[in-house]
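Dear colleague,

Please find below the structure that I am handing over to you. My findings follow it.

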Amino acid sequence: EDGGIEESHRDGDVHVALAPSSSLAVAFIPQQWNPFANNKNSNNNQLDRTEDFLRLESLIQQSQYGVVPDFSDEIHNLMTSISNDQRNAMDDQRRQLLGQWELIYTTEKEINFFRTSWPFDQVRNITQTIDVFEGGNLNNAINFAGGASFIVDGSVAPVDSEPAGDDVGSGYDRVKFEFETSAVTNLWGRTVALPPVGAGWFDTMYCDGNYRFSKDSRGSWSVFKKA
């Protein structure tokens, strides 16, 4: 939630995920991720990025949203390439994190466990709602087909500098988080409180308000789309 569900990302946190759509990449064709719109090479740049997003979406679907690891290297290389191309053209990308997101890819094992091995119900979708600068809060939700949800709430705050010797972020925009409450809701009509677990950070590699890439303190990679 991968945050854990961004998951967001911590020691034992929960994150989130899902919902393929062939229109995903098309939604990003506009200028939001094309800072060179006024350059003579803008058409070529836009075409390259569109092809990259289409390829990324295809790989995510083939990986079953991160469950199948065979495609991880190519997915991560594409994420890095897209983010590196845009980093110098964007201001603080954390400003665009506000709102609800749906995770369409993650390598976080705890999240993928719910997708592959949870015996009681199928995952319908996984979402993360985040407000870094105003509310300072985070909500991760794993929503099941039968109507129950596993909810984790916590706090978030921007981190303006990286610890000495930490090269994981490589200059990406970092957010720290800490989970404070968790519960299963609508479980046979009841809510069951659970002990919250997890704290850590995640780096926003790329965010254009529609599409978002992150890496976290546990080494997990995640791709979200705006819900």
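Which residues of H3 are buried? Please bear in mind that this is a predicted model. The buried residues of H3 are Ile111, Asn112 and Phe114. These residues lie on the same side of H3, because they cover an arc of only 150° around the axis. In general, an α-helix has 3.6 residues a turn, so residues three or four places apart point the same way. Among the elements that cover the buried residues of H3 are E1, E2, E3 and E4.

I turn next to the nonpolar cores. The largest of them has 23 residues, and those with the most contacts inside it are Leu97, Ile130, Ile142, Phe144, Phe150 and Val156. At least two residues of this core come from each of E1 (99-106), H3 (109-116), E2 (123-131), E3 (137-144), E4 (149-159), E5 (173-187) and E7 (199-207). The largest share, 4 residues, is supplied by E5. Leaving aside residues up to four places away in sequence, Leu97 touches Ile130, Val132, Val175, Phe202, Thr204, Cys207 and Arg212. Another core, of 18 residues, lies apart from the largest one and includes Phe53, Leu59, Phe213 and Val223.

Finally, there is the largest pocket, which holds about 340 Å³ of space. Its lining includes Phe114, Trp118, Asp121, Phe144, Phe150 and Trp188. Phe114 is also one of the buried residues of H3, while Phe144 and Phe150 are among the residues with the most contacts inside the largest core. E5 gives the most to the lining of this pocket, with 3 residues. By type, the lining residues divide into 9 nonpolar, 2 polar and 1 charged.

Yours sincerely

Technical notes. Residues numbered from 1 in each chain as written. Predicted model: local features only at pLDDT ≥ 70, side-chain atom pairs only at ≥ 80, totals over all residues. Heavy atoms only, no water. Core = buried A, V, L, I, M, F, W, Y, C linked by side-chain atoms within 4.5 Å. Buried < 20%, exposed > 50% of the residue type's maximum accessible area, 1.4 Å probe, protein only. Contact = heavy atoms within 4.5 Å. Arc of directions from axis to C-beta. 1 Å grid on protein atoms, 1.4 Å probe; cavity = no way out; pocket = protein on both sides within 12 Å on 5 of 7 lines; lining within 4 Å. Points joined across faces, edges and corners; volume = space filled by probe spheres on them. Nonpolar A, V, L, I, M, F, W, Y, C, P; charged D, E, K, R; others polar.
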